[in-house]
Number of protein chains: 4
Amino acid sequence: VSVQIVEVFRVVSHGPGDCTGIKTLIEQGVLDPNDIVAILGKTEGNGGVNDFTREYATTTLSGMLAPLLGIAPTQVEQRIAFVMSGGTEGVLSPHLTIFTRRQTTKPAIQSKRLSVGIALTRVFLPEEIGRPVQIEETAKAVQRAMADANIDVCSDVHYVQIKCPLLTAARVENAHGRGMGTLTGSSYASMAYSRGASSLGVALALGELDSPLEENSVLKDWHQFSHVASASAGVELMHSVVIVLGNSPASASNYVVGHAVMHDAIDRSGLLSAFVSAGIASSDDLVSLDTGRIVNVFAKAEASPNGQIRGYRHTMLDDTDISATRHARAAVGGLIAGFAGHGAVYVSGGAEHQGPAGGGPVAVVARV
Amino acid sequence: VSVQIVEVFRVVSHGPGDCTGIKTLIEQGVLDPNDIVAILGKTEGNGGVNDFTREYATTTLSGMLAPLLGIAPTQVEQRIAFVMSGGTEGVLSPHLTIFTRRQTTKPAIQSKRLSVGIALTRVFLPEEIGRPVQIEETAKAVQRAMADANIDVCSDVHYVQIKCPLLTAARVENAHGRGMGTLTGSSYASMAYSRGASSLGVALALGELDSPLEENSVLKDWHQFSHVASASAGVELMHSVVIVLGNSPASASNYVVGHAVMHDAIDRSGLLSAFVSAGIASSDDLVSLDTGRIVNVFAKAEASPNGQIRGYRHTMLDDTDISATRHARAAVGGLIAGFAGHGAVYVSGGAEHQGPAGGGPVAVVARV
Amino acid sequence: VSVQIVEVFRVVSHGPGDCTGIKTLIEQGVLDPNDIVAILGKTEGNGGVNDFTREYATTTLSGMLAPLLGIAPTQVEQRIAFVMSGGTEGVLSPHLTIFTRRQTTKPAIQSKRLSVGIALTRVFLPEEIGRPVQIEETAKAVQRAMADANIDVCSDVHYVQIKCPLLTAARVENAHGRGMGTLTGSSYASMAYSRGASSLGVALALGELDSPLEENSVLKDWHQFSHVASASAGVELMHSVVIVLGNSPASASNYVVGHAVMHDAIDRSGLLSAFVSAGIASSDDLVSLDTGRIVNVFAKAEASPNGQIRGYRHTMLDDTDISATRHARAAVGGLIAGFAGHGAVYVSGGAEHQGPAGGGPVAVVARV
Amino acid sequence: VSVQIVEVFRVVSHGPGDCTGIKTLIEQGVLDPNDIVAILGKTEGNGGVNDFTREYATTTLSGMLAPLLGIAPTQVEQRIAFVMSGGTEGVLSPHLTIFTRRQTTKPAIQSKRLSVGIALTRVFLPEEIGRPVQIEETAKAVQRAMADANIDVCSDVHYVQIKCPLLTAARVENAHGRGMGTLTGSSYASMAYSRGASSLGVALALGELDSPLEENSVLKDWHQFSHVASASAGVELMHSVVIVLGNSPASASNYVVGHAVMHDAIDRSGLLSAFVSAGIASSDDLVSLDTGRIVNVFAKAEASPNGQIRGYRHTMLDDTDISATRHARAAVGGLIAGFAGHGAVYVSGGAEHQGPAGGGPVAVVARV
């Protein structure tokens, strides 16, 4: 039978315009550029509205890959899903994770293995950001990405990465010029709305919702959330990109993916459960953790919206100097790096409707 | 025999000008203000030069305690050692730790128990900051504080907290006006010099140095460091305050203190060793950790000066938006809170000569 | 007849906890503390949610004045209107402006002279911030303050300073706990709503509105604004403080006040008009400007909400590192200081409904 | 005779990766890409160490121009001098200024007109930054650029723009690895050293020094400075780029350049003198200022190192949240935009040895 083989490479970056890591793998014949389906990166900007390191990295990668793929740089972004998450606060280290996929006629493996699928939504209008239509269009794209990954069962989906748009002053003006109102005039606030709607779209697609969504549930009804969604907003696009990671019987990869939910930003128990889910720890202790098999950890971090963590006040939401997403990435990054043994892990900020309020999903890709 | 009994109270703060927590303990008769020897606080400023939350908190506490002690507010700071460390990034939560001490004629306990001692240096001149004279004067004060704590053996000292001065533009001008040069014209940089010299003073006093210090060892020779020093620089003073915590045979307290060194910002193994040292974990695993007995964790955090953690690049030192000390506190605070179970722990930034480069001491005060 | 004599003193601050400037004036007999009606200060915090320099300055001043006035520190704030505006970006210099007032039987002067009046609103609930009730209660307080200043004609009012509350995470939770929703969950955003509603309250009181306000006009209908309102939000109060400055026939002061509106952040022509209005420049040129008679300049600054200034894009609203209010204060402060000849001027951020969108009122108090 | 004709174009940028402005001019035949000698840009990063908008803009422009020039992107930077200055704080607006030059046999014009010349230094080693060798190599390059501009007389040079390197953690390590010490370990501090040494290089070349430089004059002896130097440090290069602007008898351009020195950050009189020098104002007043003829204003801004402006304390150097260079650009940008009538002016931070301490040179390019 035809199965897919996914491979995952993590390379460090020396700067947002650096792609020597991936280039070297290609030159060494280790990685065939034609097989690349997705590249997830942590870049060293502020992760906010004016973080241009994301588009700079994407532009540089597209420019490097275009001649190798025999297409124009602008076409590369149509073919490969780029998700650059800005912000390497604290111990986090800029890096890229490259997912490749190829079909093979090898016999399928008994157990389910890592599989990846991708899909794009249509282009959104500024006034659609954070509203029901963004949820619905995202849900449709998630289902297309599951099909692309050969995953039938929702519980086999362990991570859904979404890159979604945000509002800028110009985009808000554009809507106003057409007589339309946006949900917010603040670019920074729009990032939260967009991540929230995207994540509820994942929850809708995977049947994770308790009840039908109400009209204004985005950033309101925190009880509704996805256990596997991870959304990043970026200024460089107006559509959303969806990447599904799961384990599929139609995969012959040497990797598996697992996940758990961190219930708050300091939930080490939840974090350890993710390692257990990926098969590299036997229980909630550190001695059994086989860090050598970790390919990457993908987690979302956020400042709990009620201003507290386990009853203790945090100051992230009241800080006018540093945005709450930067605070949260730094703290959760510190915890995860302490377990993984290094800072080149993918911790992304803004976990609205991604896990419970103040917490977030955490997925682990591990070698078998 | 006469022994000392130390008690330790940790109360949360609702803001830098809030002292309702300690006031309530006093009103309830739990805490006698006459017994207070030291108050260590985490306040929610930026921890940098223009962090006025430290002096605001100190002023407010002095003003509240003065009438209870029957002295003027300015005299309170002569009697009680206040150390306010600014910066509650990420999950860290503003709080105060109050140390009280009283003499009693109770029989001494077989085992050594928590003891505290304090001392002040003389007032420094701006041009002395970061230079050998600051090291030497600090060392003398450490020895006076050890005597005050009834500790004879250096290895019984587990934590030496120092509050030291920094340079402002006005202080640099003052030195220039007298024809003297300061080590740096940058206030932010002066904080590092002052913390470094203070910590080498601790190392000198406790016999922790490999070899005699050279003329310009501060912020140069990273191999020289103390395993127990914790220094914070603040704009509100020009002398240094020294607080020694250790275990003494002349103490009948219900607390003990232990410590270890984190070798880098993600050293979970070092962190666990500190819990073992304090007698609340049996080995390097999480299952045995008795978090219920933790009174507080005192740790220093810093961005490793070589720009890397275990070979992975970090971006803290190259970030012009957020100071490296804020990054480091957020990350290390995330890790420690993940172990301690909450964010009201004392993580302080800038660990120059406090533990190895990029790491720092971590002390744990625990109930017996 | 009985007339009032207002005096205005501007003193520099060496820090938010410094009140030596005003203390010296009192000790020298230049300023009678019993005459103080209002103190407007620029303090060196970030001007945002977690700017504690405002309450620190107010607390320190109250503590210093209390024994001189023979009342408790907490009563001082009931008697004197303190308005501390955080943020001395760029060339701005921390300082205090003290307004005193006393009644006298001197004969009235032919021309109208500087007069001051103050009033407080009731305490607001978190859910009232930014909503019509805040507008209406503010308007009532403005009218009481006008009466207090002996000003009958609205056109004699040249400056209305308001200090208004903001939301914190705790206050939002408080409202939620009572089943009420606040206009926003973001503290930073709430500052804009509160300033906007306060300013529309001034416009309502002074008859500056084009048409009756609609339900949701705050931060929506930018055509409605006051030409003389200046509102600052601060975490330290939940009611609003209103200070009216104008010229009154019942004043025998040696000062006058004038004002104009800056139509955008670079409107030097508007700025010069304010000097003309105060009688210290003869026309729109710099040669005639008599800077020696300036006591202080009071201006509001903001990033134009459409993202442009005279057709050129600005980046203030899209900056996740520095809040837009800090950017705006720095830029407008640079312009005004260039005209006034020094940076100890009162430039305050966030000019929602204070002057046209992107601009703001500017008032000048000058010696006759 | 053969004369040069310089043309100057200012185009706005919609982002650091946007080059539609210049592209449109090329497509319309207004600008011949082969004539471009220099592009000076203001990009919207933080202007600090981790400001990647500068290299992103340069990379994008090189990539766009390469096929038009028939050379590789990396060769474009050898041929055209790119100087991207990060930081558009406050009212400043991102834009590019493009200088073209071509030889013609037109008869020379009686008066001197705008002329431009460029030169590169050799690549510097990290340990050379801020030291005498950087001064000397820069001086040589300035003289080569003057020759390239056909300018013989130093007083005809009105502006010398330099782009110089800075230190990163990696570069400091590189020096250490070779047993060499750098002047500072801080990237941010290294920017000041590099700008300072570059500017003293200009002063040396143009005979502006009072006396021979002493060994450690950089960032020490503030009396030594250039009246026309403007230096920006950037992470993207290790050599320096020198651009000389002046008026030459061998130019037939329709532009002239003038300059003056602002003695501090609020020196409106100095600013007006620059407009007078460029022939578009008749004296120190605003009425005569012909803003319509301004092509661009090039100014340097800095926080005065003594912490004061005209005796009033500023807080820029003590702010741990916002770097002093950002503060200074915002303030000076506000003043200059108030005079120029818009924010698309080139105000660059860090004026060490560029004008007197706390001030800076300001040049004006105007249409004849």
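I began with how chains A and B meet: 100% of the interface residues of chain A are also interface residues in chain B, so the copies meet through the same surface. Contact here means heavy atoms within 4.5 Å. This is a predicted model, where local features need pLDDT of at least 70, side-chain atom pairs count only at pLDDT 80 or more, and totals for chains, interfaces and linings use all residues. Residues are numbered from 1 along each chain as its sequence is written, chains are lettered from A in the order in which they are written, and side-chain values use heavy atoms, without hydrogens and water.

Rings of Phe, Tyr and Trp (its six-membered ring) pair if their centres lie within 6.5 Å; planes under 30 degrees apart are stacked, over 60 edge-to-face, the rest tilted.

A:Phe298 and A:Tyr346 make a tilted pair, 5.6 Å centre to centre with 50 degrees between the planes. A:Phe298 lies in strand β10 and A:Tyr346 in strand β13 of chain A, so the pair ties together parts 48 residues apart in sequence; strands are DSSP runs of E, at least two residues, and helices runs of H or I, at least four, numbered from the N terminus.

I then turned to B:Tyr56 and C:Tyr56, which are stacked at 4.7 Å centre to centre, with 25 degrees between the planes. This pair crosses between chains, from helix α2 of chain B to helix α2 of chain C.
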